[in-house]
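Subject: Structure handover and findings

Dear colleague,

Please find the structure below, together with its sequence.

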Amino acid sequence: MFIPGALLWYFITRQYPRTAGDYVYFSRLNPPIGFAAWFNFTVGEMLYDAVLVYFAAAQLGMVMQALNNPLANAVLNPRNEFIIAVMLITILIMVNIVSARAGLMMFTIISLTALATFMASAIYVLSLPRKFIEGMLGSAFIEAVSEASKASVTGGLYGLFGMAAFTTAVWAYVNYPVTIGGEIRRDRLTALLGVIGMFILGGLFFTLFVAAFLKGFGLNFYVGAGYMNSNDIDNGFLLINPAVDLALLRTPLSIALAYSSVLWYIAPVTGVIIQVSRYLLAFSMDRVLPRALSYVSLKTHSPIVAHLVDLVITVALMYILILTPFSSALLYAIDLDALILLIFTFIASILLALVMHMKGTTKLGVDRRALIALDVTYLAVLSIFAYYWLTQPQYYLFITGNPLQLLAESSIIFVIGLVIFIVTDYVRSRQGIPLRLVYMEIPPE
């Protein structure tokens, strides 16, 4: 399903080997729409980082809770969760400020370590007899399986695989190679391995992980745990978490793998931190955002101001998320973030590409008919997800609301991006430098 998207991003990465190459491409097709779509992506990713770092702290606490660790309650205290999350995001961003190369290295090391423990968990679960798993989980296993019969097909089976598809659709690594296109080898093989490899290997590993746990614990266990979670029944929130299920097996290896799951949340953050700073840098270089954001240290080769802005906004979002009366509203916004990225970054960008490709403007050195076929196919795939998420958000996004309401709410960041572009264009025009001149096509580096 995602091969058309992989090919499109490969063509963009190959043709635009520069920082935030996909933003550069779509904004040259249509500056206001292109900027708004990728401004939407950047802000959405800041919220994504805030959530994942918070989840990393919460994941640590939940694993400790499953193991009856006396420190679990202290870790899960909201104030302490906030402190741990702030420490994590500060360390990760400061490494990037100290050195862009160190940031890329950190991303590589943590990601590979997280991937290794991720797959080790799947392999370990596959090696265990079902009877052993049932015996170790005891009453928790029996309760989850019994609750499965109460779940509807849509809310159970479809919901499970719908969320799996969602994870692949807006995975942070999807467009990572094109984000740092100016910092990697500029050849077609690197672009091919980077983009196609991300899709194929990422999808393969994720599918194997899901399949392993479904085989090890049984489909009914996770359908039941999902039903318990959505209906606030006992420990459903814990049981639907594979790392907690590992901890409940209580073997030395399963406990070690359960704790390693904290890295599964931190690893994407190490990549998204780089992405956010590069998009802010690109917006600034195009003069839509303040020029200070494009400052790059000659010593560290890092966009320091962009990273600091990211740190301030992410910490502020975490504070609202964890410690303020607005936390419930932000939790709603977190789930809505998936829809925000799907519709107003990816669908908006592909729809823009389709219109321009049909008009004859491609800027990719690829046959126009082939591009149109890829656009239509990928747009159809993403539209199917958008349809189900909008019409059945209680299963796929864990939020409520009618489709028009959700669509309107998810458009807010995109609309803000359009307003920023229009206002900036007006100001620049009064200064004699309209943005349309800045966005004139520049040959790829």
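Ala-66 is buried, with a relative accessible area of 8%; here buried means under 20% relative accessible area, exposed over 50%, and partly exposed in between, with a 1.4 Å probe and protein chains only. Please note that this is a predicted model, in which local features need pLDDT of at least 70 and side-chain atom pairs count only at pLDDT 80 or more, while totals for chains, interfaces and linings use all residues. Residues are numbered from 1 along each chain as its sequence is written, and side-chain values use heavy atoms, with hydrogens and water left out.

Ala-66 belongs to helix 3 (residues 31-66); helices (H or I, at least four residues) and strands (E, at least two) are DSSP runs, numbered from the N terminus. Neighbours within four places in sequence aside, Ala-66 is in contact (heavy atoms within 4.5 Å) with Val-244, Ala-247, Leu-248 and Arg-250.

Salt bridges

The structure holds three salt bridges, each being a side-chain nitrogen of Lys or Arg within 4 Å of a carboxyl oxygen of Asp or Glu. In one of them, Arg-28 pairs with Asp-286, and the closest N and O atoms are 3.0 Å apart. This pair links distant parts of the chain, with Arg-28 in helix 2 (residues 21-29) and Asp-286, 258 residues apart from it, in the loop between helix 15 and helix 16. Both Arg-28 and Asp-286 are buried, the relative accessibility of Asp-286 being 7%. The loop that holds Asp-286 runs between helix 15 (252-285) and helix 16 (304-323). Not counting residues up to four places away in sequence, Asp-286 touches Tyr-23, Leu-435, Val-438 and Tyr-439 as well as Arg-28.

Another salt bridge joins Lys-150 to Glu-147, with 3.3 Å between the closest N and O atoms. Glu-147 is buried, at a relative accessible area of 11%. The pair of Asp-367 and Arg-369 has its closest N and O atoms 3.6 Å apart. Asp-367 counts as partly exposed at 41% relative accessibility, whereas Arg-369 counts as exposed at 65%.

Helix 21

Helix 21 covers residues 412-430. Its end C-alpha atoms are 27 Å apart, which agrees with the 27 Å that its 19 residues should span at 1.5 Å a residue; the expected span is 1.5 Å times one less than the number of residues. The buried residues of helix 21 are Ile-413, Phe-414, Gly-417, Phe-421, Thr-424 and Arg-428. They cover an arc of only 100 degrees around the axis, so they lie on the same side of helix 21; the arc is that of the directions from the helix axis to the C-beta atoms. An α-helix has 3.6 residues a turn, so residues three or four places apart point the same way. Cover for the buried residues of helix 21 includes helix 3, helix 17 (327-359) and helix 22 (435-438).

Which exposed residues are carried by the face of helix 21 turned away from its buried side? They are Ile-422, Tyr-426 and Arg-430. Tyr-426 also contributes to a nonpolar surface patch of about 430 Å², together with Val-415, Val-419, Val-423 and Val-427. Patches are made of residues with over 30% relative accessible area and no salt bridge, like charges being joined within 9 Å and nonpolar side chains (Val, Leu, Ile, Met, Phe, Trp, Tyr) within 5 Å; accessible areas come from the Shrake-Rupley method with a 1.4 Å probe, and for residues only the protein chains shown count as cover. After helix 21 comes Gly-432, whose phi is positive, near 90 degrees.

Helix 1 (residues 3-15) has 13 residues and reaches 18 Å from its first C-alpha to its last, close to the 18 Å expected. Because 10 of its 13 residues are buried, helix 1 is largely enclosed by the rest of the structure. Among them are Trp-9, Tyr-10, Phe-11 and Arg-14.

Val-315 lies in helix 16 and is partly exposed, with a relative accessible area of 21%. Apart from neighbours within four places in sequence, Val-315 is in contact with Phe-82, Val-86 and Ile-89. Val-315 and Leu-47 are 9.7 Å apart in space, C-alpha to C-alpha, and 268 residues apart in sequence.

Yours sincerely
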